[in-house]
Amino acid sequence: MMRLVAAALLAIWSMLLLSPPAFAEKRVALVVGNSAYQKVPVLANPPKDADDMAEMFRKAGFSVVISKRNLGIIEMRRALRDFSDEVRDADVAIVYYAGHGMEIDGTNYLIPVDALLQRDIDAFDEAIPLDRVLAVMEPAKQLRLVILDACRDNPFSKVMKRNLASRTVSRGLAKIEPNSPNTMVAFAAKAGSTAADGDDQNSPYTAALLRHLPRPGLDLRKAFGFVRDDVLQVTHSRQEPFIYGSLGGDDVALVPAVLQKAVAADPAAGARGDYELAQQINVVSAWNAFINKYPSGFYTDLAKAQRDKLVVAKAATETAEKKAPDEAKITDKAAETDRAKAAQLKAADDARIAAEKATLAEEIKAADAARAKAAAQKAEQNSRLAAAVVGNTNPDDTRKREEPRLSLPCTSAQVAALSPQAARGLSPPEECGLRPKDVFRECVNCPEMVVVQAGEVLMGSNASEIDSGLAAANEAPQHRAVVKQPIAIGRFEITRDQYAAFVQSAGYKPSDRCYTFENNLPQERTARSFLNPGFVQDGNHPAVCVSWTDAKAYVQWLAQTTGKPYRLLSEAEFEYAARAGSRSRFGFGDDPAELCKFVNGADRAAKSAGLPADAAYMNCSDSYPFTAPVGSLAANAFGLSDMIGNVWEWTEDCFYGDYTTAGSDSAARVEAGCTSHTLRGGDWFSTEASLRPAVRAKANADARHDDIGFRVARTLGP
C-alpha cells in the first residue's frame, strides 16, 4: 500500500516538474493604428500593421488586447483612460502605435486622425504627448514597453506656423530617456530620422517585429537587435531602429521558452557510459574489466568483439616482428644494389651535362661576337646617316619596349625611374616617371600607394536591377564618370598601427565611444575605440571606430608630414577603383561563389563565430568572422585590396539620395553644412547583396562604428 502511495506521489511530482510553467502574471496590450488622416495623405500600412500586432499579442497569451483604429483626439484619450484601468494590476503593459508622430521643441507627440496642427502650439490640444502614454503604463510591475512605428516624415510640419521662432519642429521623433526602471521605448527609426511606410502589407519595422518578438524564449533586447538588422538590410541602411531605456539582468521574453519533455531513464545508460570509457582506453585489460562487470547484454557482446579484435591484431604484430629481421636483410641488399645503379646513372648525367655546358658556352661566345660585329656595323651606319641628315631624331627601333608612363604634364627632361629606396617623398622626376601599378610609400608610417591610370566608369545600377531588387534606388540614375588624371590610391585600408602613429605624432585625442555589435546587440558603448572595437585585432587590421572627422584629420596630418596632396577618395574615384575596369556585378565577376576569394563579408566563418543565425550568410568562408588583416584576400585588377568588404570606407562626398545631381567628372559632391557623408564598399557583416561596387550607405560625420574605416588618395603631378 505504501509503495502505491509513493508511486502516486512520484507521478504527481513528475507532472509538476515536466509541465510547462503557466504564464500566471497579467499581461495587457493596447494597439492603435492611425491611417485615415483628414488633413494629410492617408497612410497605407498602419491598419494591417495594427491588426497583425494585435493578433500576435493574442497568440502570445496576453490577458487583455485592446485594438483600435483611426482614433481622433477624444477617442485616443478615452482609449488611454480605459487602458489605464487594465494596467493598474498588470505585470506587463505594452503599447503599440502605428501612424504619424512628431517632435516639437523636444517633446514627442502621437497624432490623432482629426488633428489640424496649423500652429505648433495646437499640439497641446490636438495631439497626445508620449509622456502621457508612459504615465498610463507606470503601474505595471515588471515591464513597460512602448513600440512606435511613428517616425514617418511629418507632413504637418511643412505647413505649420511657429508661435515662437526659436521653437523647433523636427523630422522624426526626439531621443527619450524613460524615468522609470524596466521601461523601454522602441522607435522605428533613431531619433531625428524618419521611417519608411513600405510597399508591402506591413512596414519594414512592423514586419521585422512580427518575425522576432514572438520567438519563444528570445530576450526582448536581442529581439530588437534582430529587428534592427532586418530593417537596415531591407532599407539598404537608410532606416535604423533604436531602443531607449533599460531592463535588468534577467531575460525578458514576450513568449516563454518551450521546455523539453523529460526523457525516460535508459536502463542501459550505466553500461553505455562504461563501454564508452573502455573504448577510449581500448586495451585488452580494459575490455576484460568491462566484461567482468557486465557478464551479459548488448554492450557486453560489443566489448567481446572489440577485445577479440585487439587479440588478433596483437598476434599479427608479433608474427610480423619475427619476420622483420629477414625482410630487413633482403631490403638492405636491394637498397645497396639500387644505390649502385643510381651512382652510375648520376655519373653519366654529370658527364652529359658538362658536355652540354661546354657546347653552350661556345655557342654563347660565338653569338656575342656576332652581336658585337652587328652593333659596330649599325653604329657606323647610323654615323653616316647622321652626317647626311642633320637633326634626325628618330629613335632606335631596337630600343626595349616599356610600360607607357602616365599622361602627366611632364617634359622628357623631368622623367626619372622610381627609386628603390623606401619611405621618402617622391621627387618630381620620379613622380613624372610613374607607371600604372607602381607602388610607393612616402614615410615610414605612411600607407603604401598604388598608381592608378586615368579612365572612366559606368557608375550605379540600371533600372532593371533596381526594379528586380538586385540594387537600391540610391544607385540611380546610372551614368558615366571620368577620372581625368592619374591618381595614387591606398593599396590597403588605413591600418590600426598607421592610425596609432598619427594619434601619437599629432597628439590627436580619439573618442572612447563607438557603436559596436557585441553579444549580437548593436549599441553605442563606452571604453570602445580603434584600439578596442569589441573584437580581436592586431596592428595590421583596418582601423575602425573612426569617424569622417577623424579620417579628415588623418589625411591633413599625412599631407603636412609628407608635403604631398593626400586626401579622401571621391565616390566616383572609389567606384572606378573598385570596378578596376570591369562592369560585372561584384567587380571581379558575376559569380557569388567566388566572393570569399576577394572580399571579407558575412560568410560561414562569421556564422560559426556566433553572429545572428538568421542572417543571409554566403555559402563560402574567408576564415575571418570580423575584420581581416589588410591584404589577406586577392587584390583586384588595379592591384588594390579590400575595396569591397572588410570595412565600410569614408569618402569625401556629402550623401545625396541618388545621382540626379552628379556630374560627369570624378569630383566629390560637397556642400556647406553637410552633416552626413557617403560610405562605400560594405563590411565584414555585409551579405552578398551589399558586396557590390555600386552599393552606397551614409553616416553622420561624427559616427564611429566597429565596421567603418577609410583609405586615402593622393593627387599626382609633375
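Guide: Some ground rules before the pairings: two strands pair if DSSP finds at least two bridges between them. Strands (E, at least two residues) and helices (H or I, at least four) are DSSP runs, numbered from the N terminus. This is a predicted model, where local features need pLDDT of at least 70, side-chain atom pairs count only at pLDDT 80 or more, and totals for chains, interfaces and linings use all residues. Residues are numbered from 1 along each chain as its sequence is written, and side-chain values use heavy atoms, with hydrogens and water left out.

Visitor: Fine. So which residue stands opposite H677 in β21?

Guide: That's A699. β21 pairs with strand β20 (residues 676-680) in the antiparallel sense, over 5 bridges.

Visitor: What's the strand order of the open sheet of 4 strands?

Guide: β21-β20-β19-β22, with mixed pairing. β21 (696-700) and β22 (708-709) are the edges, each pairing on one side only.

Visitor: Which strands does α14 lie across?

Guide: β19 (648-654) and β20, and α14 runs at about 85° to β19. Angles here run from 0 to 180 degrees between N-to-C directions, and axes are lines fitted to C-alpha atoms, for helices over the stretch in contact. Helix α15 (residues 571-579) lies across β19, β20 and β21, at about 5° to β20.

Visitor: And how does α13 pack with α14, at what angle?

Guide: Helix α13 (residues 496-506) and helix α14 (residues 548-562) pack at about 75°, with axes 10 Å apart. That makes α13 roughly perpendicular to α14; the cut-offs are 65 to 115 degrees for roughly perpendicular, under 35 for roughly parallel, over 145 for roughly antiparallel, and oblique for the rest.

Visitor: Which residues in α13 and α14 meet?

Guide: From α13 you have Q498, Y499, A501, F502, S505 and A506, and from α14 D550, A553, Y554 and W557. A contact means heavy atoms within 4.5 Å. The residues of this contact split into 7 nonpolar, 2 polar and 1 charged. Nonpolar covers Ala, Val, Leu, Ile, Met, Phe, Trp, Tyr, Cys and Pro, charged covers Asp, Glu, Lys and Arg, and the others, Gly among them, are polar.

Visitor: Let's switch to the open sheet of 6 strands. What's the order there?

Guide: β2-β1-β3-β7-β9-β10, again with mixed pairing. Its edge strands are β2 (64-69) and β10 (242-246), and neighbouring strands are turned by 10° against each other on average, direction ignored.

Visitor: How many bridges join β1 to β3?

Guide: 7, with β1 (residues 27-33) and β3 (residues 92-98) running parallel.

Visitor: How about α3 and α5, at what angle do the axes cross?

Guide: Roughly 25°, with the axes of α3 (residues 73-87) and α5 (residues 130-137) coming within 8 Å. The two are therefore roughly parallel to each other. R77, L80, F83, S84 and V87 of α3 make the contact with R132, V133, V136 and M137 of α5, and that set is 6 nonpolar, 1 polar and 2 charged.

Visitor: How many bridges join β12 to β15?

Guide: 4, and β12 runs antiparallel to β15 (residues 487-490). V450 stands opposite I489 there. β12 is also joined to strand β11 (residues 439-440) by 2 bridges, antiparallel as well, with F440 partnered by M449.

Visitor: Last one: how many helices and strands are there in the protein chain?

Guide: 17 helices and 23 strands. Of the 718 residues, 44% count as buried.

Terms used:
Buried means under 20% relative accessible area, exposed over 50%, partly exposed in between (1.4 Å probe, protein chains only).
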